[in-house]
Every structure is written in C-alpha cells, then in structure tokens.
Amino acid sequence: MKKHQTVIVVDFGGQYTQLIVRRVREMGVYSEMVPWTTAEAKIRETQPNAVILSGGPRSVLEDCAPTLDVAVLKGIPTLGICYGQQLMAQMLGGKIQQGTNREYGKRRIRVAENSKSEDQSPTTDHRSLVTDHQSPITDHRSLVTGLASDQVWMSHGDDVLEVPPGFTVTASTDTCPIAGMENEAEQQYAVQFHPEVTHTPDGKTILHRFLFEKAKLKGDWTSESFIEDQVTAIRAQVGEGKVLCAVSGGVDSAVMAALLIKAIGERAMCVFVDHGLLRKNEAEQVKETFIGHFHANLKVFDAKDQFFTELKGQTDPERKRKIVGEQFVRVFEQHANELKDCDFLAQGTLYPDVIESGSPTAAKIKTHHNVGGLPDWMRMKLIEPLRWLFKDEVRAVGRKLGLPEDMVEREPFPGPGLSVRILGEVTPERVHMVQEADWIFREELKARGQNKGIWQSYAALLDVKSVGVMGDERTYQQPIVLRAVASEDAMTAHAVNIPFETLEHVANRIVNEVQGVNRVFYDLTSKPPATIELE
Ligand code: XMP
C-alpha cells in the first residue's frame with residue numbers, strides 16, 4: 001500500500017484516545033492508535049510524520065507509570081495532551097507537582113502574551129475521508145493563539161510546575177498555571193486540557209494547527225486515495241487467485257465486497273447465506289444490489305430450513321449464537337466444491353474491532369459471530385481491506401464506490417441476525433412477527449424523518465405472554481419490544497427520545513397488523529448496563 005502521511009497516537013489509557021484518532025482522520029490525515037507498551041518500536045520502525053501523546057488515568061510520578069523514551073521522538077513533531085503534556089515535561093527536564101485535587105470540567109484559558117499574534121483566522125476547514133475540502137496554511141503562531149473561544153475541558157490530577165528548558169508557557173487557567181507549553185525549535189507542543197472533546201469548542205482548531213502549521217502535513221487521506229491504495233494492495237496480494245467474500249447484507253461486508261469487485265472483478269466470489277434470520281425484504285435487496293447493480297459473481301445459498309431445524313427448541317442465548325455460527329460453517333462445507341478453489345477469504349473487519357481485540361481487559365459479554373471457525377479444508381488467507389476504518393469512513397468509501405444510499409445508510413445488523421432479537425425459541429412464525437413489527441417501526445421513523453442520528457432501531461420479541469382484549473375477545477399473546485439507540489461506536493449507547501406520538505402510532509399499527517402481538521414496549525435502558533441487542 002502507498003504510504004500515507006501518518007500520525008501515531010500513543011495510548012496511555014485515556015478515555016478519549018480513540019477520539020483523538022478520529023479527529024485527526026476527520027482532518028484528512030491518516031492516524032493510528034498504538035498502546036504505549038509497543039509505541040517505541042512502532043515509532044522507530046515506521047517514522048510517522050507526527051506523534052500525539054494521549055491522556056491517561058495514571059500519574060507520571062507513580063512507580064512504573066506508563067512512559068516512552070523521548071529519544072524516539074527526536075525530529076518528529078509531537079503534541080502532548082494531558083498526561084502526554086506531563087510526560088513530556090517530566091522526560092525533558094521540567095517539574096511536575098502532584099495534584100491534591102482532581103480538576104475536572106470546563107475552564108477558561110488565558111493565552112500567554114508572548115504567544116499572541118495578529119492573525120485571528122480560525123483554521124477548521126479540512127479534507128478527510130468524510131469531507132473533501134482544505135484550508136490554506138497560515139503563518140507561525142502558538143497552538144492557542146487568538147482562538148475564538150477560551151473555554152477548554154480539563155481532566156487531570158497532577159500539574160506541570162516548571163516547563164523544560166527551551167519551552168515557553170502558552171496558556172494558563174486560574175487553577176492550572178501551565179495549561180499549554182511549546183518548544184517551537186524542537187517541534188514539541190503540549191496542552192493540559194483536551195482539544196479532542198467538543199467541550200473544548202476550538203479544540204479542532206488546535207489540532208488543525210498542530211497537523212498543518214506545525215507538522216506541515218498535507219491531508220492526503222481521502223476516500224479516493226483509500227480506494228486507490230486498497231485496489232492496488234488487493235491486486236498485489238491476490239495475484240491471479242480467487243477471493244471468497246461473505247456478504248451479510250450489512251454495510252461493512254457490502255463495502256468490502258464492492259472494493260474486491262472493483263479490484264479483481266469476477267474473481268471476487270460473493271457468497272450470501274440466507275439463514276432466514278434477516279429483516280423483511282433484506283435478502284432480495286442484497287441480491288438486487290449485488291447482481292443488478294454490481295453485476296457481481298454472487299452465489300446465494302438458501303439455508304433457511306437447515307438453520308430453523310437446528311434452532312428448534314433452543315432457548316439459551318449463547319447456545320443459539322453458537323448454532324448460527326456452526327451452521328454457517330456447515331453451509332460452507334456443503335458447498336465445498338463451489339468454494340474450494342478460493343485462495344482468500346475477505347472479511348469486513350473494522351478498526352474498532354481491531355482496537356478492541358487488542359485490549360487485554362475486555363471481558364467476553366457475547367460470542368460475536370463473523371465468519372469465524374471455518375472448516376479445515378478452507379485454508380484461505382484473510383483479506384481485511386477495511387480494518388483501518390471507522391464506520392462513518394466505511395460509509396464514505398461505500399458512497400464513492402457507488403453503493404446505493406439505502407445500503408450505505410443501513411444500520412449495523414448482527415451476524416446471528418434476528419435470532420438475538422427473539423427471546424426464547426426461534427421459529428419461522430416468530431421470525432415473521434419480528435420482521436413485520438420491525439418493518440413498521442423503521443418505516444414510520446423514516447417517513448417522519450426521525451431516523452436521523454439513530455445508530456440502530458429494531459423490534460424484538462419477548463418470551464412471555466400477557467392478556468389483552470381485541471374485538472371484544474380476550475387475547476393471550478406475546479409482546480414486541482421496540483429499541484432505538486444512539487451511539488458513536490456501539491461500545492456505549494443510550495435510548496433515543498422518540499416522540500410519544502410516533503411510538504403510540506407504531507404500537508397501534510403493530511398490534512393491529514402483526515398477528516400474535518397484543519402489547520408493545522419501548523426499551524429505555526442505556527448500554528451499559530444493558531446491551532444494544534437483547535441477547
Ligand atoms: P451489543 O448487543 O453487544 O452489540 O451491545 C454491540 C453491537 O454489535 C452488534 N452485534 C453483532 N455484530 N456479530 C456481529 O457482527 C454478532 O454476533 C453481534 N452481536 C451484536 C450489535 O448489533 C451492535 O451494533
């Protein structure tokens with residue numbers, strides 16, 4: 001792959017580290033998060049164009065505090081944020097004072113006199129994978145000079161008491177004498193506060209100045225350049241081989257397959273397993289998109305009966321997930337003849353999956369199912385062209401590749417499909433109930449323009465019955481649960497405040513139109529403590 005300019009964000013365990021990566025990428029600069037434990041080696045090996053040292057929960061004064069040999073940063077423009085500023089100060093000969101109270105929340109900074117300049121122009125325009133424009137580069141000034149807003153977001157215990165030799169103080173607050181410091185000659189910059197969060201209104205300007213004025217980056221990370229690079233990389237990796245692209249109907253696998261088709265045409269063999277657990281009309285839409293739109297080499301394996309037979313009588317959530325995973329493998333085995341000449345398997349793994357799987361502390365809450373555990377005879381090598389992208393970047397790439405908007409805008413959908421939204425036994429009848437209720441809910445949201453900002457919205461079926469009355473008759477039927485959540489990355493989520501009138505209308509329609517349902521609930525729980533899916 002052609003080498004993009006790269007910014008390495010060294011993760012010291014801060015809660016906003018991933019956000020720093022996102023902000024940098026939003027400005028059209030490729031950025032990667034690297035744990036502090038492996039950062040030295042990575043920086044030495046890859047010589048990034050700039051480095052950002054993240055915040056973190058520890059104190060640099062503690063024994064065995066997370067650290068980095070500053071020698072590796074020599075000649076690389078570096079920005080320290082929060083813990084990053086303290087580490088920079090300590091390593092370069094400044095003094096740190098142990099904090100007695102944690103300072104947390106909004107503060108106002110005063111910009112130091114000697115770092116002021118006449119130029120007040122903000123520089124927040126930028127190119128990126130998601131937006132495509134670039135601002136002019138302006139003259140030298142400190143990162144905090146002439147900002148439109150003096151509000152910043154602080155979250156720290158220790159303070160820098162004395163800056164290292166060569167540094168000047170650029171900003172302070174009432175409670176934090178050194179809220180920013182810089183050594184222009186060495187291209188070392190630091191702020192005590194968090195420019196990456198929206199509570200620092202001019203945070204983007206600060207990051208933008210660091211990237212474009214100080215580190216002199218170009219902003220060469222765009223959808224087009226990404227697609228171009230991946231197509232070249234895929235062609236080089238695959239040669240004359242064939243690639244199995246397992247498509248699920250979700251946006252990630254659709255974009256992954258579209259990239260593969262662009263790179264190697266018919267040799268990208270798209271396989272779609274219809275397990276009968278998809279949303280209403282979804283299977284048809286996948287076929288239409290891939291055959292009608294992309295003229296793809298698509299094989300559809302109809303395995304509905306097989307999945308329903310295996311799921312019969314099963315009610316345990318983990319068992320159901322495992323069965324769905326195993327049956328995928330069975331389907332691949334049954335079609336061994338058609339698939340055995342594939343040399344590669346392409347998966348739609350995204351960057352958050354990569355980051356998460358690198359986290360030693362993540363507890364297993366649910367068995368996540370992609371196309372894991374493939375049979376032995378499928379000794380295929382993996383291709384994961386999206387493993388460096390966040391979801392919104394995947395969508396932007398999908399648009400550039402010409403995927404239809406309703407495919408690109410599709411909400412994430414779990415691999416085990418509706419089986420995780422049907423509590424208790426999964427039967428064709430119960431799947432049908434969920435499909436119909438789900439269709440009504442999402443159609444109504446869309447028709448009213450109330451689906452904007454929703455990460456996922458769906459209907460689920462509970463495994464209980466309650467009494468109702470319909471047309472003078474007693475009913476004893478099952479309830480539907482509606483869930484709509486907002487989220488950045490599915491790690492946390494909160495229920496969306498859908499207008500009561502919409503919910504009431506949807507509930508009425510569901511009870512009237514979906515046989516076997518006599519009540520509708522709306523799920524108000526956030527994640528944590530709940531999860532997004534019910535199982
Ligand atoms: P939870 O329910 O754990 O879900 O809050 C977080 C996100 O992951 C999706 N999800 C899955 N995606 N295979 C997938 O590909 C799975 O097994 C799976 N389980 C949950 C879920 O829809 C949400 O976006």
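Predicted model: local features only at pLDDT ≥ 70, side-chain atom pairs only at ≥ 80, totals over all residues.

Trainee: Okay, how many salt bridges does the structure hold?

Mentor: The general idea is that side chains of opposite charge can pair when their charged atoms come close. Here, the structure holds 35 salt bridges. One of them joins Lys280 and Glu436, with the closest N and O atoms 3.2 Å apart.

Trainee: Which parts does the pair of Lys280 and Glu436 tie together?

Mentor: Lys280 sits in the loop between strand S14 (268-274) and helix H7 (282-293), while Glu436 belongs to helix H14 (residues 428-447), so the pair links parts that are 156 residues apart in sequence.

Trainee: Now the sheet. In what order do its eight strands come?

Mentor: Read across the open sheet and you get S2-S1-S3-S4-S12-S11-S10-S7, with mixed pairing. At the edges are strand S2 (30-35) and strand S7 (110-111), each pairing on one side only.

Trainee: And what packs on that sheet?

Mentor: Helix H2 (residues 36-46) does, touching strand S1 (6-11), S2 and strand S3 (50-53), and its direction makes about 135° with that of S2. Helix H3 (residues 83-91) packs on the sheet too, where it touches S3, S4, strand S11 (180-183) and S12; the direction of H3 makes about 115° with that of S4.

Trainee: Do S4 and S12 run parallel or antiparallel?

Mentor: Parallel: four bridges join strand S4 (residues 78-81) to strand S12 (residues 188-191).

Trainee: What about two helices packed on each other?

Mentor: Two packed helices are described by the angle between their axes and the distance between the axes. Take helix H8 (residues 304-311) and helix H9 (residues 317-334): their axes come within 10 Å and cross at roughly 145°. The crossing is right-handed. Phe307 and Leu311 are among the H8 residues in this contact, and Ile323 and Phe328 are among those in H9. Sorted by type, the residues of the contact of H8 with H9 give six nonpolar, three polar and three charged.

Trainee: Last one: where does pLDDT stay under 50?

Mentor: Over residues 116-125, for which the model has 25 contacts beyond four places in sequence, and over residues 132-138, with 20 such contacts. For the chain, the mean pLDDT is 90, and 91% of the residues reach 70 or more.

Technical notes: Residues numbered from 1 in each chain as written. Heavy atoms only, no water. Pairing = 2+ DSSP bridges. Helix = DSSP H or I, 4+ residues; strand = E, 2+ residues; numbered from the N terminus. Contact = heavy atoms within 4.5 Å. Axes fitted to C-alpha atoms, helices over the stretch in contact; angles between N-to-C directions. pLDDT = per-residue confidence, 0-100. Left-handed = near helix turned anticlockwise from the far one by under 90°. Nonpolar A, V, L, I, M, F, W, Y, C, P; charged D, E, K, R; others polar. Salt bridge = Lys/Arg side-chain N within 4 Å of Asp/Glu carboxyl O.
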